[in-house]
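Work through the exercises below with the structure open beside you. Each task is followed by a solution in steps.

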Protein chains: 2
Amino acid sequence: MQHRQSLSTMNPTSLLAPHAPRTRRSTIEDVAAAASVSVATVSRALRGLPNVAASTRARVVAVAEALDYTANPAASRLAAGQTRTITTVIPHLNSWYFSTIVAGTEAICAEAGYDLLVLGVGSVNDLSRLLSEAYQLERRTDGVVLVDVPVTSEEVQSITARGVAIATIGTEVPSHPSVRIDDELVGRTAADLFVSLGHQRFGVIGGIRCEPMRFEAPKARYRGFADGLGAAGLTVDGDMLKGGNFSIDGGQEAMSSLLDHPDPPSAVFAMSDEMAFGAIMEMNNRGLVPGRDVSIVGVDDHEFSRVLGLTTIHQNVADHGAAAARLLLNSMQAASRSNSDTGAVADVVTQRVVAPIELIQRSTTGPQLL
Amino acid sequence: MQHRQSLSTMNPTSLLAPHAPRTRRSTIEDVAAAASVSVATVSRALRGLPNVAASTRARVVAVAEALDYTANPAASRLAAGQTRTITTVIPHLNSWYFSTIVAGTEAICAEAGYDLLVLGVGSVNDLSRLLSEAYQLERRTDGVVLVDVPVTSEEVQSITARGVAIATIGTEVPSHPSVRIDDELVGRTAADLFVSLGHQRFGVIGGIRCEPMRFEAPKARYRGFADGLGAAGLTVDGDMLKGGNFSIDGGQEAMSSLLDHPDPPSAVFAMSDEMAFGAIMEMNNRGLVPGRDVSIVGVDDHEFSRVLGLTTIHQNVADHGAAAARLLLNSMQAASRSNSDTGAVADVVTQRVVAPIELIQRSTTGPQLL
DNA sequence: CTGAAAGCGCTAACAC
DNA sequence: GTGTTAGCGCTTTCAG
């Protein structure tokens with residue numbers, strides 16, 4: 001299969017491979033020829049490497065532009081062993097929280113010239129598929145953003161051993177960049193609010209249910225909530241903690257069982273807005289008015305929260321996605337520098353950012369009556 | 001840089017390229033050697049091509065499995081000119097409608113062993129970036145799913161000319177597979193509902209605003225709505241059609257101006273649930289009760305619609321994403337077959353599916369009072 | 001049905 | 001600073 005020759009000797013489209021482009025693309029050789037330099041120089045010039053005379057670089061860049069030349073990604077990947085692709089690994093795609101994160105990540109990747117691969121890991125098996133040798137993670141991506149996916153240190157090991165960079169959102173893993181919020185503070189904020197409103201009987205809708213609780217966030221939020229109440233001499237009953245599965249339906253069921261309790265709560269802390277929505281639905285069904293009969297606070301500041309007037313603890317989710325992408329890119333860059341540098345690389349690689357949160361009071365919280 | 005040799009003569013990790021994997025991967029040559037066949041045979045066997053003895057194939061497959069071998073995607077891409085990647089092109093990532101579609105598409109791609117690239121095209125310029133020669137669309141993807149992105153036939157031309165397959169969602173382009181709903185029927189359904197409830201004064205919240213209306217759906221929905229009313233001898237005032245931008249805020253503003261009208265509507269057709277949510281917010285602000293003071297119907301059956309009790313016209317968005325992915329995959333397959341076949345390929349390539357819709361009555365619609 | 005060999009388009013030593 | 005050259009790991013003619 002000799003493209004060049006067939007192109008010059010016969011109908012160019014006749015015998016090409018099934019999916020071959022119908023239009024001839026310029027290659028690095030074309031640019032080299034047109035700029036009267038070697039392909040190596042073109043490669044260096046275009047990638048901004050040192051060891052290229054400014055004048056040469058300018059000429060090469062100009063020629064490349066004129067020829068609409070860009071390196072064939074497959075070829076660079078094969079030759080360099082890098083993919084210029086990063087991958088977001090997410091539990092569900094169809095939830096506001098996750099898709100907003102992806103949006104933030106996508107923006108940064110696009111800006112940096114990286115492709116973004118999206119990988120849903122609904123069940124735990126999916127993660128192991130990703131980690132299996134056969135999947136060839138390192139040949140598909142230079143780095144992964146793990147979004148609220150719990151990983152063991154062996155799993156992290158197995159990823160880094162392949163030369164794939166890691167950043168996490170919502171969780172932290174040792175010696176890798178991460179962005180998260182202070183989940184204990186989230187819980188404490190909710191508690192403080194309820195305490196200040198004079199509530200005394202509390203319910204919590206968390207994430208726990210059947211699943212062996214591998215997620216840290218719910219635990220931390222609960223801890224913060226209990227601590228906050230404790231500071232005011234108050235407590236939550238163990239049986240007032242219900243699992244809501246971070247879904248609307250789960251939130252509704254949890255609220256239902258909370259309200260069925262002989263001594264129901266006057267204030268409910270839902271660990272996500274979506275669960276709070278379900279809880280509010282259940283209140284409506286029972287003719288209860290949020291903020292009057294029962295107060296409820298959520299977490300996230302989902303775009304619909306203001307529609308319902310939900311009091312919530314805001315976090316800037318899109319920013320988290322973007323920030324994690326930036327950290328990941330930085331760490332990859334630092335890692336590659338470290339190979340040429342002499343030894344000790346600064347731990348820019350291990351930045352942990354704890355993003356701010358903010359209580360947004362709307363109408364679903366009010367003072368304890370009677 | 002001779003990997004093989006350095007590996008056998010020295011510390012394997014010492015002189016590798018910066019990002020080279022730390023663990024040696026098996027290559028097609030390893031498999032060939034272990035199975036005592038040529039690399040060509042391995043390649044054929046593993047890809048299920050004909051011209052391989054069943055016994056040979058079985059042996060090769062077994063060996064490959066034992067060695068955890070999978071082809072290096074970059075190498076296959078370079079050699080074959082196919083990427084085994086498909087790309088979803090979407091206006092916004094952070095909206096329920098779009099992210100749900102992506103979720104559906106992702107599932108199918110994963111199943112088929114394709115990678116899924118996500119490309120946001122917020123503004124129109126982004127589309128032209130994708131189409132620019134320099135972006136090398138065909139070297140990044142084998143096919144694109146255009147989700148509600150309006151394209152001219154020149155743009156379609158430019159994509160197919162590169163050998164990239166196309167499928168669309170929400171729109172149709174000549175001779176390419178698509179999945180959409182019957183937008184006129186959507187409008188008519190809304191109209192019929194209002195008519196049956198005895199309403200006479202109508203408002204419409206559509207997508208139009210400043211932007212030159214390139215989108216077809218809003219137009220078709222409006223047409224259907226007007227037709228449906230017409231069949232009952234009713235009409236919509238031209239100044240009762242407001243642009244809501246398909247966003248919550250837009251819906252709220254639109255509703256606000258509708259209600260400010262001297263003779264406000266008793267029934268409002270919002271072309272998306274999200275706009276309906278904004279509209280309901282505005283009603284709440286004014287102390288109006290949806291379904292009693294003003295009826296409103298949305299489109300989509302967004303997951304929050306049931307929280308608000310919104311009457312809406314349901315469409316199965318996740319299915320649309322999956323269906324489009326399947327059609328795209330099929331058409332790509334058909335296209336590659338057509339190169340080896342003699343002539344005429346069936347027009348499986350051009351399937352258009354019109355997905356069903358369903359009216360879901362909840363509490364935001366009620367009979368006309370007084 | 002199978003093997004040999006020529007690329008795909010680029011990057012990275014290594015020499016000059 | 002720049003050119004030469006040897007691969008990266010696969011696919012695909014072309015012979016047999």
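**Exercise 1. Find the largest nonpolar core of this predicted model and state which residues have the most contacts inside it.**

Solution. Step 1: the largest nonpolar core has 83 residues. Step 2: the residues with the most contacts inside this core are A:Val268, A:Ala270, A:Ala279, B:Val268, B:Ala270 and B:Ala279. Step 3: take one of them, B:Val268. Leaving out residues up to four places away in sequence, B:Val268 touches B:Gly203, B:Ile205, B:Met255, B:Leu258, B:Ala279, B:Val294 and B:Ile296. Step 4: another core, of 81 residues, lies apart from the largest one, and its members include A:Ile90, B:Trp96, B:Ala103 and B:Val317.

**Exercise 2. Describe how H5(A) packs against H5(B).**

Solution. Step 1: two packed helices are described by the angle between their axes and the distance between the axes. Step 2: for helix H5 (residues 73-80) of chain A and helix H5 (residues 73-80) of chain B, the angle is about 135° and the axes are 8 Å apart. Step 3: angles over 145 degrees would count as roughly antiparallel and 65 to 115 as roughly perpendicular, so H5(A) and H5(B) are oblique to each other. Step 4: the crossing of H5(A) past H5(B) is left-handed. Step 5: H5(A) makes the contact through A:Ala74, A:Ala75, A:Arg77 and A:Leu78, and H5(B) through B:Ala74, B:Ala75, B:Arg77 and B:Leu78. Step 6: six residues of this contact are nonpolar, none is polar and two are charged.

**Exercise 3. How many residues of chain B are in contact with chain A, and which elements of chain B supply them?**

Solution. Step 1: 51 residues of chain B contact 51 residues of chain A. Step 2: the elements of chain B that each supply at least two residues are H5, helix H6 (96-112), strand E2 (115-120), helix H8 (137-140), helix H13 (273-285) and helix H15 (317-340). Step 3: the side of chain B that touches chain A has 25 nonpolar, 14 polar and 12 charged residues.

**Exercise 4. Is B:Ile166 buried or exposed?**

Solution. Step 1: B:Ile166 lies in strand E4 (residues 165-169) of chain B. Step 2: B:Ile166 has 22 other C-beta atoms within 10 Å. Step 3: a residue is buried at 20 or more, so B:Ile166 is buried. Step 4: B:Ile166 and B:Leu328 are 162 residues apart along the chain, while their C-alpha atoms are separated by 6.5 Å.

**Exercise 5. Where are A:Ser175 and A:Phe246 found, and is each buried or exposed?**

Solution. Step 1: A:Ser175 is in the loop between strand E4 (165-169) and strand E5 (178-181) of chain A. Step 2: A:Ser175 is exposed, with 12 other C-beta atoms within 10 Å. Step 3: A:Phe246 is in the loop between strand E7 (241-243) and helix H12 (248-260) of chain A. Step 4: A:Phe246 counts as buried, with 25 C-beta neighbours inside 10 Å. Step 5: most residues other than glycine have a negative phi. A:Ser175 has a positive phi of about 55°, and A:Phe246 has a positive phi of about 60°.

Definitions and conventions. Residues are numbered from 1 along each chain as its sequence is written. Chains are lettered from A and ligands numbered from 1 in the order in which they are written. This is a predicted model: local features need pLDDT of at least 70, side-chain atom pairs count only at pLDDT 80 or more; totals for chains, interfaces and linings use all residues. A nonpolar core is a set of buried Ala, Val, Leu, Ile, Met, Phe, Trp, Tyr and Cys residues joined through C-beta atoms within 7 Å. Two residues are in contact if their C-beta atoms, placed from the backbone, lie within 7 Å. Axes are lines fitted to C-alpha atoms, for helices over the stretch in contact, and angles run from 0 to 180 degrees between N-to-C directions. Helices (H or I, at least four residues) and strands (E, at least two) are DSSP runs, numbered from the N terminus. Angles under 35 degrees count as roughly parallel, over 145 as roughly antiparallel, 65 to 115 as roughly perpendicular and the rest as oblique. A crossing is left-handed if the near helix is turned anticlockwise from the far one by less than a right angle, and right-handed if clockwise. Ala, Val, Leu, Ile, Met, Phe, Trp, Tyr, Cys and Pro count as nonpolar, Asp, Glu, Lys and Arg as charged, and the others, Gly among them, as polar.
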